[in-house]
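Me: I have a structure open and would like to go through a few parts of it with you. Could you take my questions one at a time?

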Amino acid sequence: MVNLTAIAGELKKMQVEKETQISDLVAFLFQQAVEQRASDIYLEPLDAVISIRYRIDGMLHDVAELPLELQEKLVSRIKVLANLIVYRRDIPQDGHITRGFREDGVDLRVTTFPTIHGEKVLIRIFNSSQVLFNLGELGFSPDTEEELRKLIFRPQGTILLTGPSSSGKTTTIYAALKEIAREKRDIANIVTIEDPVEYNLKTISQTQVNLSAGLTFARSLRSILRQDPEVIMLGEIRDVETAAIAIQAGLTGHLVISTIHSGTATGVFARLIAMEIEPFLIASSLSGVLAQRLVRVICPKCKESYQPSRALIGALGLKKISSPTFFKGRGCPECSRTGYRGRIAITELLTVNEKFREAILGKSSTTALDKVAEEIGMRSLREDGLRKVEQGITTLEELQRVIVSEEGMDIEDKQE
């Protein structure tokens, strides 16, 4: 397996001035990113060099530094591939690489942004061959997976997913849609409204919003309801109008699946109320909320037992963990010396039942809703993460890094 050090060495050999060789340099940069399972490539002009970084398993890794004089040629080549305006260096631009470098299942989205040292470029890699669109392969706990299946096969209602950017929400939704399409192939009219459409799904009608043409989430949703869909996937609830239409659609015979930004599952209800959605509509329409994060998985090639610090064990409250053995990755060429390879979801799934509906109707605080959620059996993100630590899937350090409380403190701070 080619590691990041080898890539850096090869890039330095390719530092040349001829245009054809610049093309080779860009192609090599893209190809190696795909081989390393990177989700993003960053080209960042600094004071004297161009910093090349890959995002792998959610973490940024330095790959190489190239001379700053190559900046203009590199960016120009990428802009040509992405069909962007080459001479405009003073405005942000978005593009899509449809020629030059392409592989089966790989899609490249490009964004540029002007800085004082030149244009910063981000290339996002969508590789369908590496994405799991199967609920049974996302790493959910068996009981969570079973409950989520029950929710997505209800004839109507609204299901919301929450979590920060790059927490796997879209992958989970796509997996759910494919499950519905497979089970209800002859009767389900499934449509999506996205920004952007990240992966093409067979047998499902997908629409991309177009703000410049006035095709917003709200307008698209209002129009698509006239085509009598059974299942609607809405990329994100961003505003009051979209939230109101989505909640109403969940009440009128449609299954609506969407995302909304909130720290926790119970925090979603406070967010909707802040959008001035009536509590009785929320209680009647919302059938479940899934909050999720992605944690890195210990590399199986260099996995070994270790003893974490007492401070970390105490901060994470591990008194209930039955196994005294903890694991981590030592670091090897297979995982580029990080000790991790791949990611898995940790989740909290809140199924709205009568007791929770009463709490919503009573306009209970988020703290009170947390208590009710615990009483009805919801396992928190922290608890699901600790279970995966106990199973030797991830580490305590990774769990502490990923889980953040509503106040913006990490778990250790909250425990203190």
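Me: Which residues of helix H13 are buried?
Reply: In helix H13, which spans residues 381-390, the buried residues are Leu381, Asp384, Gly385, Leu386, Lys388 and Val389. Buried here means under 20% relative accessible area, with exposed being over 50% and partly exposed in between, using a 1.4 Å probe and protein chains only. Helices (H or I, at least four residues) and strands (E, at least two) are DSSP runs numbered from the N terminus. The model is a predicted one, in which local features need pLDDT of at least 70 and side-chain atom pairs count only at pLDDT 80 or more, while totals for chains, interfaces and linings use all residues. Residues are numbered from 1 along each chain as its sequence is written, and side-chain values use heavy atoms, with hydrogens and water left out.

Me: And what covers the buried residues of H13?
Reply: The cover includes strand S12 (286-298), strand S14 (326-329), strand S15 (340-351) and H14, where contact means heavy atoms within 4.5 Å. After H13 comes glycine 392, which has a positive phi near 75 degrees.

Me: Are cysteine 299 and cysteine 302 buried or exposed?
Reply: Cysteine 299 counts as buried because its relative accessibility is 0%, and cysteine 302 is buried as well, with a relative accessible area of 1%.

Me: Now helix packing: how do H11 and H12 run relative to each other?
Reply: The axes of helix H11 (residues 354-361) and helix H12 (residues 366-375) come within 10 Å and cross at roughly 175 degrees, so the two are roughly antiparallel. Axes are lines fitted to C-alpha atoms, for helices over the stretch in contact, and angles run from 0 to 180 degrees between N-to-C directions. Angles under 35 degrees count as roughly parallel, over 145 as roughly antiparallel, 65 to 115 as roughly perpendicular, and the rest as oblique.

Me: Which residues make that contact between H11 and H12?
Reply: H11 contributes Lys355, Phe356, Ala359 and Ile360, while H12 contributes Leu369, Val372, Ala373 and Glu375.

Me: What about H6 and H7, parallel or antiparallel?
Reply: Helix H6 (residues 217-224) and helix H7 (residues 240-251) have axes that come within 8 Å and cross at roughly 25 degrees, and they are therefore roughly parallel. Their contact is made by Phe217, Ala218, Leu221 and Arg222 of H6 together with Glu241, Thr242, Ile245 and Ala246 of H7.

Me: Last one: where is phenylalanine 30?
Reply: Phenylalanine 30 is in helix H2, and at 1% relative accessibility it counts as buried. Its C-alpha atom is separated by 8.9 Å from that of isoleucine 125, although phenylalanine 30 and isoleucine 125 are 95 residues apart along the chain.
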